[in-house]
Amino acid sequence: MIENVDLTLVDWSRAQFALTAIYHWLFVPLTLGLSFLIAIMETIYVRTGREEWKRLTRFWMTLFGINFAIGVATGIILEFEFGTNWSSYSWFVGDIFGAPLAIEGILAFFLESTFIAVMFFGWNKVGKKFHLASTWLVAVGANLSALWILVANAWMQNPVGMIFNPETARNEMINFWEVLFNPVAVDKFLHTISSGFLLASMFVLGISAWYLLKKREEWLAKRSILIAAIFGLFSALLVAYTGDTSARTLAKVQPVKFAAFEALYDGKEDAGLVMAGFLKDSDNRIGQNNIKDFVFRIEIPGFLSVMTGGNRDTWVAGIKDLVNGNPEQGLLAVREKMERGNLAKDLLLDYKRARSVNDTKHIETLKEIFRDKDFIDSYFRYFGYASLGRPEDAIPNVPIAFYSFHLMVILGFFFILVFALALYYLFRDSLTRHRWFLWIALFSIPLPYIAGELGWVLAEMGRQPWIIQDLMAVNTAVTQIDPGAVKTTFILFAVMFTVLLFTEISIMIRQIKIGPKH
Amino acid sequence: MKSVFSFVTRIFLFYYDGFSNMSWWGKRVWIIILIKLFIMFAILKVFFFPDFLSKKYDNDTQRSEYVMDQLLNSSNEHD
């Protein structure tokens, strides 16, 4: 019974994973983006031969090195947690997680580790072109490493390319390319790395603005702003584009998440896109859940339908349609999905009984059913619904999804404006006269970090109650261990990561104050 | 054979020289990396993060039995 699951354990396990993932993501995106910025700067140095560009490259490389070193291996803790706190999940996902993570480990270790050594130790020891190639390989390697973990995460959002084996209680990959080119994986990879490029560009822009405010290193600061603003503007536009394509994909594969982040309860044609709004509880309910109403909203009429289907006539599903079903639109009710999930679960129970009495004929028959495409598409795909207590349990936290999405989007447009203004003032040679803008650029450094974390909050909280969309609920996935141990490690991680973060910030500030070596 | 030895020596000297002439921040971050890895692998992994299924069960059959029970027992009022 789902009521028997210790919610304290589930909540602490989730909190622990969220804490480590959030801290891990403070280190990763700067590595993804700054590596490319450095590669661009070094390319200019190699092509022009001007020593100032080498000095500039080495300065940003120092900050890259500090971030890389402090952040390296923080992701391994997430893998520890999979084995200890989420053992049923880890077993259930089988080799679908194992293969991408193994490739990620090999890439991260061999490609990054080897060429990072050349990047830092190789100045004046290897040829200019070999050094430049190493820098580019570090950038490509870092981003390819991210690809594999994002492929694994995308599978959790949209499980494809696998078949469930009742003998082992594991999913087995049957089509690697379907897993790799999962539409969620493609969108997620492009959206995530471009957000890393954006973050690094804002980092370079903000620190360079600080030098201009202090009337130091003007040449370095202006050249850095030029590179960062161009790369940042390109990245911010790419983030907006990939965000749009991600939303279209979500509307198809995770429609409840899509409806939740727009707080859309009633499906309709000509649906408006909410630009900003504030939610409150209403008296209406879906089951035992309060429906949220808007206190106010600013909306672009019809635009959500246009975004989703290309025209205003497109019907966009609301949360009520997705929970209660809508036969006209071909939507199954959650209760029907629960019945189908229960049927799949009953077959698994049947399989277990057949195995215990060694009824080989029945075992083979059941195995065939689990391999049957119609059974997979009509029943097994709803396996997770068997663990829901009530249909409304399929609804994620609407305010969290709504606010995290909208704040992220608002910040995204702010970044486009900041990079465009930086370029405008730079080309008019009036950057130093607009000190207010330099202050804004400086204080904008944390904002892409916040936007990135909000994106992950939306991705993970918006998927609830699932750990694997429709197949496995979070409550099923958690390991039944002592909640006290999870609380202890939560506190340990909070302390360790906070110390690491403050150490990184203090070493970075020291190096920024020192500035580039002459 | 001689050229292989020479290549290995050059790589060794490359790293040796790199680590010997490391800057202030480089030395600091290497200390942090080593402390962090020690905490993660010698303390957290050993004492707090055993692989639950590997530790509790001897073979994959038992592990799959446990997971199957988890999948079957986490059902709703249908039971």
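Mentor: Helix H9 (residues 218-253) of chain A packs against helix H16 (residues 398-427) of chain A at an angle of about 150°, and their axes are 9 Å apart. Helices here are DSSP runs of H or I with at least four residues, numbered from the N terminus. The axes are lines fitted to C-alpha atoms over the stretch in contact, and angles run from 0 to 180 degrees between N-to-C directions. H9(A) is therefore roughly antiparallel to H16(A), a label used for angles over 145 degrees. Their crossing is left-handed, meaning that the near helix is turned anticlockwise from the far one by less than a right angle.

This is a predicted model, in which local features need pLDDT of at least 70, side-chain atom pairs count only at pLDDT 80 or more, and totals for chains, interfaces and linings use all residues. Residues are numbered from 1 along each chain as its sequence is written, while chains are lettered from A and ligands numbered from 1 in the order in which they are written.

Now for the touching residues. From H9(A), they include A:Lys222, A:Leu226, A:Gly232, A:Leu233 and A:Gly243. H16(A) contributes A:Gly412, A:Phe415, A:Phe419 and A:Leu423, among others. Contact means C-beta atoms, placed from the backbone, within 7 Å. By class, this contact has 16 nonpolar, three polar and one charged residues. Nonpolar covers Ala, Val, Leu, Ile, Met, Phe, Trp, Tyr, Cys and Pro; charged covers Asp, Glu, Lys and Arg; the others, Gly among them, are polar.

Notes: Helix = DSSP H or I, 4+ residues; strand = E, 2+ residues; numbered from the N terminus. Parallel < 35°, antiparallel > 145°, perpendicular 65-115°, else oblique. Contact = placed C-beta atoms within 7 Å.
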